[in-house]
Amino acid sequence: MPLQVEPSPLEPLLRHMQMGLQISNCEKAEFALSRAELDARIGEFEARLRSQQLSNAMLFRRVEMLEQVLQIERLKRESLQKDLGSPPQLSTPLQSPRQILAQRGSESLEASLRA
């Protein structure tokens with residue numbers, strides 16, 4: 001007569017714990033994958049932001065350089081007109097981009113640039 005072994009009352013509990021552990025490990029792996037994907041996206045956005053900031057800084061330096069050149073040309077023109085004794089040709093003085101920006105406001109300037 002074969003010996004029958006009765007299942008232990010702990011076996012269902014053990015199976016339940018093992019299944020819970022597997023589910024927990026899967027959730028941890030999914031979380032780690034999601035976190036890695038989000039970290040990669042954050043890195044991309046930070047790189048874009050740095051690139052845009054560098055681009056903006058370069059453009060700002062160019063605008064400042066152009067403002068200086070414009071000011072020098074204005075002074076040359078005024079000096080030449082004084083030497084020749086002719087009246088200024090412009091009825092209103094030219095304004096720098098900063099003066100226009102301060103006068104109109106950045107919103108209207110950005111809108112005009114988009115149009």
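Confidence averages a pLDDT of 83 over the protein chain, with 71% of the residues scoring at least 70.

**Helix α1**

- Helix α1 covers residues 10-84, and its 75 residues reach 109 Å from the first C-alpha to the last, which is close to the 111 Å expected at 1.5 Å a residue.
- The residue that follows α1 is Gly 85, and its phi is positive, near 75 degrees.
- The buried residues of α1 are Glu 67, Arg 74 and Gln 81.

**The salt bridge**

- A search of the whole structure finds 1 salt bridge, in which the side chains of Lys 76 and Glu 73 meet at 3.7 Å, taken from N to O.
- Both Lys 76 and Glu 73 lie in helix α1, where they are 3 residues apart, or about one turn of the helix.
- An α-helix has 3.6 residues a turn, so residues three or four places apart point the same way.
- Glu 73 is partly exposed, its relative accessible area being 43%.

**Surface and burial of the whole chain**

- Of the 115 residues in the protein chain, buried residues make up 4%.
- The accessible surface of the protein chain comes to about 10900 Å², and 62% of this surface belongs to carbon and sulfur atoms.

**Confidence by element**

- Among the elements of the protein chain, α1 has the highest mean pLDDT, at 94, whereas helix α3, residues 106-114, has the lowest, at 59.
- Where pLDDT is low, the predicted coordinates should not be read in detail.

Technical notes
Residues numbered from 1 in each chain as written. Predicted model: local features only at pLDDT ≥ 70, side-chain atom pairs only at ≥ 80, totals over all residues. Heavy atoms only, no water. Helix = DSSP H or I, 4+ residues; strand = E, 2+ residues; numbered from the N terminus. Salt bridge = Lys/Arg side-chain N within 4 Å of Asp/Glu carboxyl O. Buried < 20%, exposed > 50% of the residue type's maximum accessible area, 1.4 Å probe, protein only. Areas by Shrake-Rupley, 256 points an atom, 1.4 Å probe, with all protein chains shown as cover. pLDDT = per-residue confidence, 0-100. Expected span 1.5 Å × (residues − 1).
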